[in-house]
Amino acid sequence: MKLAYWMYAGPAHIGTLRVVSSFKNVHAVMHAPIGDDYFNVMRSMLERERNFTPVTTSILDRHVLARGSQEKVIENIVKKDKQEKPDLILLTPTCTSSILQEDLKSFVERASQNTNSDILLADLNHYRINEFQAADRTLEQIISFYMEKNYKQNKEKLNKTKEPSVNLLGIFTLGFHHQHDCREIYRILKDLKININQIIPEKSLVTELYKIKQAWFNIVPYREIGLMAAEYLKKEHNMPYVSVTPMGLIGTATWIKQISNLVKKIDNEFNLIDYEKYIDKQTRYISQAAWFSRSIDCQNLTGKRALVFGDSTHAVAITKILVQEMGINVCSAGTYCLQDADWFREQVQGFCDNVLITEDHTQVSNIIAEMEPAAIFGTQMERHVGKRLDIPCGVISPPIHIQNFTLGYKPFFGYEGANQIADLVYNSFTLGMEDHLLEIFGGHDVKTVITKILSTDQELIWNNDALKELQKIPGFVRNRVKRSTEKFARSRNINEITIEVMYAAKEEADDQNNKN
Amino acid sequence: MYKNKDITIKESFECETGNYHTFCPISCVSWLYQKISDSFFLVIGTKTCGYFLQNSLGVMIFAEPRYAMAELEEADISAKLYDFDELKRLCSQIQQDRNPSLIVWIGTCTTEIIKMDLESMAPKIEELIGIPILVARANGLDYAFTQGEDTVLSAIAQRCPKYEPKNINLSFLSFKNNKNKISLQQKNSHIHPPLVLFGSLSNTIVQQLTLELKNQGIQVSGWLPETRYEELPELGPGVFVCGVNPFLSRTATTLMRRRKCQLIGAPFPIGPDGTRAWIEKICKVFNVIPNNLDKREQKIWNSLQDYISLIKNKSLFFMGDNLLEISLARFLIRCGMIVYEIGIPYMDKRFQASELKLLEQTCKDMKVLIPRIVEKPDNYNQIQRIKSLKPDLVVTGLAHSNPLEARGITTKWSVEFTFAQIHGFSNARDILELITRPLRRNNHLKDLGWSTLIVE
């Protein structure tokens, strides 16, 4: 047993449901007790989805416990088949119902005799894998099912498209800015004169999945979801894939290069646009991000300390952008994707002082409290930690709230994404005038750490004069000055803070800054 | 038009498949940990339970709540770990970190299925760590949403101190015919048998309802639950109890059978009509003639006129997910609405008997048909009915709200009724504020020409 207050990645069935409900005309039947269908609320609220979420629960109650759920599950599947006429119904248990160890496979077989839809069982161990792994696995399962089905039915042999084309794997519902990223990818590919054959699973039809093979190769922009399917298609159907994330100017350039190289490798004759020229033009003139980091305003970012935490895709990409493209010092880069820990370490090696791999949000917040970065780039949880510690935070990764499902166009990918990220970073740091005020009052990052835990209790007393002095400091830096003074006082075992203590604290901070 | 034959309330009950959406009953920890301020709630379940809690409670999770998951891992499920030791370890840790006066274990579906014997482990661990441990099986196999509170209160009821009858001066009975009724009622407040109200309400509402009864000369001797564990009321033979929420049938049963209390079956104090009937019933049991109640109710109705004019003759459909549906429907019918269907997860006809009777009477008074009451509804069927009936307002959960709105059907999110203050005379306005909000909003937008936002 584990004492847990919060988790970064959801349970397995959430991942499965995200994949299933992204397809068009596919229905999921959950084998679960009342209340486990909370996914429907999330989709309806967070995505502000206009359609009913195609997920029904075959309710597991006391009655079912006594008799087994066989008839009920089969009945519910057959009923859904009649009501909605989906192409595919996928049966998924949850953590709870998977313990019953019922022979769901045989239910699926029996149900499929009476339905027009295809019936599949989500093939997962709910206690070993999380939301992302389950989504990855389910996507592979559905794709491989339809590729094999087509093979068996011996449908017409499909040729590759004449013009270069790609499949986009892993764009789906409740994803972090997926819709916007998808549009940005489409724009760049269009510039490169590459067509998109299929976007999977978002709004695609399972009955069309066999046409995957028409594309020249696959693109997997997010590491968490789609790699398994891409691997399967590579192994079984000889389709190469690109798994670079097109985030940041350098990332996007690498992505474009890899794509262009693949196109050339497949058809050397094809008259591809000069991608080097394209990248150069986009980077230097079209995108604002490169110019932004050269502009004098951005000089103040140099050497600022930031902490990055999130899923592996976003945390790696943001770390690299901060370090390579903006000259920011990443004091710690971390991920909660334990399954991808090795890849993560390898990627951020040399870009940060410290690597953090954990699923425990209290550990992350303690490290933030200890390191006191000038800004955090993390999930909603880090945003709240930042609020408590008075450290600004930009949200760069799920888990997210409704405010991260923006109505406006906010991609993280490509050249427009680079602009968005630059804005996010710039707005997260305290800059310009504010920065100078901090200098004056010595409120800068202090290297020594007194309190290591996230705690607000203190027995320090501010005397009246000091309080008055504190009030004179502009509101937006006041808290920081207050904290650094208190930190100084604690280190000297001073209980009462006077004006003298305040200035002593400031002087020491100046000393520190000079030494650095 | 929806055909509903002239039927009695008995005939209007139906039961469907139970394929409906509602919150898991473990959600009760979110309001109970705030209500019982020295408690700690430990939900013993899986990642699924934890994910539900953290998402449904949103921002609350960031405020270091006094609840946590004991997350079962594969080794727990396969009994490789000894659950007694595991729970002991976690509870000692909670004791060290938070030092609560009470730990409530919330049993979930998983603990039911693997048959974890929480009830027999709790007393042993309680003895080891010295903090009372209660067990409430608020699982989705047996219960829906608000019924979670019912299981917790029923567990707490068994821990309330025992009531020892004091020598009551019975001489007051001789005053019964005294002409001076006011002085009699003042006296009454000290001499009627103890009255304990059950149901978790915000402290303001507790105050308001207590005061409302005090005005009738009735003294509330305690609430189940109180804000602190040590302040729980005394229970035992001779104590009268009365519920304030329609989903507390299990607690009522425990109070009657285990604690030998006497249950006052009354409609629930939701809406001015319900509040009045509730007070009247309590007064009747204690032989008190209600004072000024008529006027009080009328005054509230008068103050609601602006809202009532907005909903009069509008039609309403409850999909059903929190068991407040009967009381809300009864109040809204009194306001002049036409209710097509009352979906409800579970219907205890005995505990809600008075409420059902009031509903029947209300329908008669307002000259409308008794709505069909659908227990364990099937959301798919309901949506077909909604599509053909086109009600002016659908009260439903968040899973269906947005899709219905996109189809031009106005909805009110049902969960808000469980978190808003809706009890007593003074809060009737809050119910109408909630009910009319979507109507008022859509009134503003109605001329824009985009009420349906989907191609079907």
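In what sense do strand 6 and strand 7 of chain B pair, and over how many bridges? They pair in the parallel sense, over four bridges. Two strands count as paired if DSSP finds at least two bridges between them. Strands here are DSSP runs of E with at least two residues, helices are runs of H or I with at least four residues, and both are numbered from the N terminus.

Before you click further, note that this is a predicted model: local features need pLDDT of at least 70, side-chain atom pairs count only at pLDDT 80 or more, and totals for chains, interfaces and linings use all residues. Residues are numbered from 1 along each chain as its sequence is written, chains are lettered from A and ligands numbered from 1 in the order in which they are written, and side-chain values use heavy atoms, with hydrogens and water left out.

**Stop 1: a four-stranded sheet in chain B**

Select strand 6 (residues 195-198) of chain B. Leu195(B) and Leu197(B) point one way, Val196(B) and Phe198(B) point the other way, and all are buried. Buried means under 20% relative accessible area, exposed means over 50%, and partly exposed is in between (1.4 Å probe, protein chains only). Now look across to strand 7 of chain B, where Val220(B) is the bridge partner of Leu195(B).

Strand 8 and strand 9 of chain B pair in the parallel sense over two bridges, and Val241(B) stands opposite Leu263(B) in strand 9 of chain B.

Touching, or contact, means heavy atoms within 4.5 Å. Axes are lines fitted to C-alpha atoms, for helices over the stretch in contact, and angles run from 0 to 180 degrees between N-to-C directions.

**Stop 2: a six-stranded sheet in chain B**

Six strands of chain B form an open sheet in the order 1-12-11-10-13-14, with parallel pairing. Its edge strands are strand 1 (13-15) and strand 14 (411-413) of chain B, each pairing on one side only. Strand 1 and strand 12 (residues 372-375) of chain B pair in the parallel sense over three bridges. Select Phe13(B), and you will find Ile373(B) opposite in strand 12 of chain B. Helix 16 (residues 379-389) of chain B packs on the sheet and touches strand 10 (315-318), strand 11 (338-344), strand 12 and strand 13 (393-396) of chain B; its direction makes about 175° with that of strand 10 of chain B.

**Stop 3**

Most residues other than glycine have a negative phi, and most peptide bonds are trans. Try these exceptions:

- Lys115(B) has a positive phi of about 55°, and is exposed, with a relative accessible area of 68%.
- Asn292(B) has a positive phi of about 70°, and is partly exposed at 48%.
- Leu224(B) and Pro225(B) are joined by a cis peptide bond, with omega about 0°.
- Pro398(A) and Pro399(A) are also joined by a cis peptide bond, with omega about 5°.

**Stop 3: inside chain A**

Chain A has 21 helices and 16 strands, and 58% of its 516 residues count as buried. Select helix 9 (residues 227-237) of chain A: its buried residues are Leu227(A), Ala229(A), Ala230(A), Tyr232(A), Leu233(A) and His237(A). Their cover includes helix 7 (131-153), strand 6 (165-171), strand 8 (217-219) and strand 9 (241-242) of chain A.

Leaving out residues up to four places away in sequence, Thr173(A) touches Arg18(A), Ser21(A), Ser22(A), Phe39(A), Arg43(A), Glu47(A) and Glu202(A).
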